[in-house]
Amino acid sequence: MGSTQDRPTLEDVAAYAGVSRSTASRALNEEMYVSPRAREAVLAAARDLGYSPNQAARSLVTKRTGAVALVLSEPESKVLDDPYFLIVMRAAFRELANRGSQMLVMFVDAPDDIPRTMKFLDGGHVDGALVFAPHSGDPLPVALKLLRVPVVFGGRPGRSSSDLYTVDYDNTAGARLAVEHLLSVGKRNIVTVCGPQDHPAAMDRLTGWRETLAEKGMPTNGRAENGDFTQTGGEAAMVKLLEREPDLDAVFAASDPMAIGALRALKAAGRRVPEDVAIVGFDDNPKLAPAADPPLTSVHQEPAEQVKQMVDMLLDLLAGQIPEERRRVLPVSLAVRESTKG
């Protein structure tokens with residue numbers, strides 16, 4: 001092997017591959033100016049010898065930690081009860097692991113947590129951050145602009161986010177798909193269980209519902225109720241809508257948990273779904289929507305694709321490459337199931 005040490009060194013890998021130490025280093029660090037043949041030889045040598053770089057020494061050279069923070073601007077209890085965030089966390093862990101990075105999860109429960117979060121993120125512990133769920137008026141996005149590490153947001157943090165790097169869904173178009181589908185199956189009195197209106201995604205979904213009905217000359221006043229993105233909130237909102245609009249024949253719920261809550265309230269009121277009332281959710285959560293009773297028609301989005309594109313953007317920024325677009329908007333579709341089939 002050319003070395004008497006138990007642990008193979010970079011020099012061992014270079015000698016085994018028949019290249020210089022600098023070439024071996026560039027190949028292992030995925031840098032440019034390495035021929036494909038040399039890179040393949042170095043990687044094969046590292047595998048054969050069981051070589052793994054000294055992360056501490058490597059960090060001193062590359063200024064990288066090999067870790068990325070997943071920052072969730074919501075209370076921990078709410079995040080862990082929300083199936084959407086659980087999917088996001090799993091997807092982020094897998095995507096970062098595939099890219100050779102570790103994931104650290106941070107919760108920002110309140111503005112008082114921001115100084116602690118900033119100190120950690122700017123303290124050389126992570127290479128960058130993926131941030132989810134800031135609400136409108138949340139001071140976190142503005143604070144994060146001061147960091148020396150790159151930050152990419154999942155979703156639009158607020159109205160004035162044009163200078164931030166974001167990967168979002170087309171929430172307005174998703175709401176439009178839902179309402180147009182309900183209209184196509186003959187529904188005319190369409191109410192909505194919306195999310196909190198300090199949340200940009202909830203605001204966009206409410207806008208899509210309102211604009212689509214307005215274009216058809218249909219009323220919207222008094223036909224929206226906040227369900228706070230939770231099953232309990234969705235159920236309470238549905239009870240209020242039934243009291244105000246007893247003749248309602250369709251519901252657009254701006255999340256699947258709220259749609260499940262609305263289904264409970266409709267059953268308790270003796271309303272059959274979809275015969276009396278059709279309902280559409282949003283997220284198409286694989287554990288909620290197909291398992292609902294009846295199975296739930298829902299606006300489909302791909303959290304794993306959102307996370308992948310966020311990681312792509314973050315790695316580009318770390319490599320000094322500026323993405324062509326600061327904001328990427330992902331398309332959505334509609335998964336039609338029995339909750340809207342009359």
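Two strands count as paired if DSSP finds at least two bridges between them. With that in hand, welcome to this predicted model. Six strands form an open sheet of mixed pairing, in the order E7-E6-E8-E9-E10-E12. Another open sheet of six strands, with parallel pairing, has the order E2-E1-E3-E4-E5-E11. The notes below take each sheet in turn, then the helix pair and the nonpolar cores.

**The mixed sheet**

- Strand E7 (224–226) and strand E12 (333–335) stand at the edges with a single partner strand each, so one side of each has no neighbour in the sheet.
- From one strand to the next, the twist averages 20 degrees.
- At the E12 end, strand E10 (residues 297–300) and E12 are antiparallel and joined by three bridges. Here His 300 stands opposite Ser 333 of E12.
- Helix H9 packs on this sheet, where it touches strand E6 (190–194), strand E8 (250–253), strand E9 (278–283), E10 and E12. The direction of H9 makes about 160 degrees with that of E9.
- Helix H12 (residues 256–268) also packs on the sheet, touching E6, E8, E9 and E10. Its direction makes about 155 degrees with that of E9.

**The parallel sheet**

- The edges here belong to strand E2 (102–107) and E11, each of which pairs on one side only.
- Direction ignored, neighbouring strands of this sheet are turned by 20 degrees against each other on average.
- Helix H7 (residues 114–121) lies across strand E1 (67–72), E2 and strand E3 (128–132), and runs at about 160 degrees to E2.

**A closer look at strand E5**

- In a regular strand, side chains alternate between the two faces of the sheet. Which residues of E5 are buried on each side? Tyr 165, Val 167 and Tyr 169 are buried on one side, while Thr 166 and Asp 168 are buried on the other.
- Five of the five residues of E5 (residues 165–169) are buried, so this strand is largely enclosed by the rest of the structure. Buried here means under 20% relative accessible area.
- Strand E4 (residues 151–154) runs parallel to E5 and is joined to it by three bridges. Phe 153 stands opposite Thr 166 of E5.
- Strand E11 (residues 327–330) pairs with E5 in the parallel sense over four bridges. Val 167 stands opposite Arg 328 of E11, and Tyr 169 stands opposite Leu 330 of E11.

**Helices H9 and H10**

- Two packed helices are described by the angle between their axes and the distance between the axes.
- For helix H9 (residues 171–184) and helix H10 (residues 200–215), the axes come within 7 Å and cross at roughly 45 degrees. That angle makes H9 oblique to H10.
- The crossing of H9 and H10 is right-handed.
- Residues of H9 that make the contact include Asn 171, Ala 175, Arg 176 and Val 179. Among those of H10 are Asp 204, Arg 205, Gly 208, Trp 209 and Leu 213.

**Nonpolar cores**

- The largest nonpolar core has 46 residues, and those with the most contacts inside it are Leu 70, Leu 72, Leu 130, Phe 132, Val 152 and Ile 190.
- What is Leu 130 in contact with, leaving aside its neighbours within four places in sequence? The partners of Leu 130 are Val 68, Ala 69, Leu 70, Val 71, Leu 96, Val 152, Met 310, Val 311 and Leu 314.
- A second, separate core has 25 residues, including Leu 248, Ala 253, Ala 259 and Ala 262.

Methods: Residues are numbered from 1 along each chain as its sequence is written. This is a predicted model: local features need pLDDT of at least 70, side-chain atom pairs count only at pLDDT 80 or more; totals for chains, interfaces and linings use all residues. Side-chain values use heavy atoms; hydrogens and water are left out. Buried means under 20% relative accessible area, exposed over 50%, partly exposed in between (1.4 Å probe, protein chains only). Helices (H or I, at least four residues) and strands (E, at least two) are DSSP runs, numbered from the N terminus. A nonpolar core is a set of buried Ala, Val, Leu, Ile, Met, Phe, Trp, Tyr and Cys residues joined through side-chain atoms within 4.5 Å. Contact means heavy atoms within 4.5 Å. Axes are lines fitted to C-alpha atoms, for helices over the stretch in contact, and angles run from 0 to 180 degrees between N-to-C directions. Angles under 35 degrees count as roughly parallel, over 145 as roughly antiparallel, 65 to 115 as roughly perpendicular and the rest as oblique. A crossing is left-handed if the near helix is turned anticlockwise from the far one by less than a right angle, and right-handed if clockwise.
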